[in-house]
Amino acid sequence: MSIQFDNVTVLKKGNVYFDGKCVSHTVLFADGTKKTLGVILPSTLNFGTASPEIMEIVSGSCRIRLKGEEAWNTYGAGTQFSVPGNSSFDIEVTEAVDYVCHYG
């Protein structure tokens with residue numbers, strides 16, 4: 001996992017979800033791909049997905065439960081998990097999580 005993205009465009013307006021418990025910024029790459037960089041504050045939330053996503057945990061830790069599954073899995077800094085498109089996942093955060101969401 002790289003520590004930075006070079007030669008990108010960052011949209012200034014933040015994406016604020018769940019009354020400010022999740023805030024991210026969109027990063028656009030020259031090849032047309034898009035990622036978001038964000039922070040999730042302590043909470044339990046449900047996110048829906050339109051396209052497949054890979055969530056890379058940069059710092060902190062969280063528990064994840066994918067739609068249709070009963071088991072929760074724990075992810076910490078340096079790990080990632082995949083979520084199918086047209087799906088959802090529950091996330092439980094007990095300490096702030098920095099993340100990168102890779103779309104597509």
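Tutor: Here are some questions about the terms, each answered with values and definitions. This is a predicted model, in which local features need pLDDT of at least 70, side-chain atom pairs count only at pLDDT 80 or more, and totals for chains, interfaces and linings use all residues. Residues are numbered from 1 along each chain as its sequence is written, and side-chain values use heavy atoms, with hydrogens and water left out.

Student: How many helices and strands does the protein chain have?

Tutor: The protein chain has zero helices and eleven strands. Helices (H or I, at least four residues) and strands (E, at least two) are DSSP runs, numbered from the N terminus.

Student: Why is the protein chain called as compact as a globular protein of its length?

Tutor: Its radius of gyration is 13 Å, close to the 13 Å that the globule rule gives for 104 residues, so the chain is as compact as a globular protein of that length. The radius is taken over C-alpha atoms, and the rule is 2.2 Å times the number of residues to the power 0.38. Those C-alpha atoms fill a box of roughly 40 × 25 × 25 Å along the principal axes.

Student: Why is Asn 7 called exposed?

Tutor: Buried means under 20% relative accessible area, exposed over 50%, and partly exposed in between (1.4 Å probe, protein chains only). Asn 7 has a relative accessible area of 75%, so it counts as exposed. Asn 7 sits in the segment before β1 (8–10), and its phi is near 55°, a positive value in a residue other than glycine.

Student: And why does Asn 86 count as exposed?

Tutor: Its relative accessibility is 66%, and the limit is over 50%, so Asn 86 is exposed. Asn 86 lies in the loop between β9 (80–83) and β10 (87–93), and has a positive phi of about 55° although it is not a glycine.

Student: Why is Asp 90 called buried?

Tutor: The relative accessible area of Asp 90 is 19%, which is under 20%, so Asp 90 is buried. Asp 90 lies in strand β10.

Student: What makes the link between Asp 90 and Asn 46 a polar contact?

Tutor: Their side chains meet at 2.8 Å. A polar contact is a pair of N or O atoms within 3.5 Å; within protein, one must be able to donate a hydrogen and the other to accept it, and residues adjacent in sequence count only if both atoms are side-chain atoms. The 2.8 Å pair therefore qualifies.

Student: How do you know that β7 and β8 pair?

Tutor: Two strands pair if DSSP finds at least two bridges between them. Four bridges join β7 to β8, so these antiparallel strands pair. Arg 63 stands opposite Thr 74 in β8. β7 and β8 form a hairpin with six residues between them, and Gly 68 in the turn has a positive phi of about 85°.

Student: Which strands make up the open sheet, and in what order?

Tutor: The order is β5-β10-β7-β8, with antiparallel pairing. What makes β5 and β8 (73–76) edge strands is that each pairs on one side only.

Student: What is in the largest nonpolar core?

Tutor: A nonpolar core is a set of buried Ala, Val, Leu, Ile, Met, Phe, Trp, Tyr and Cys residues joined through side-chain atoms within 4.5 Å. The largest one has 17 residues, and those with the most contacts inside it are Ile 40, Cys 62, Phe 81, Phe 89 and Ile 91.
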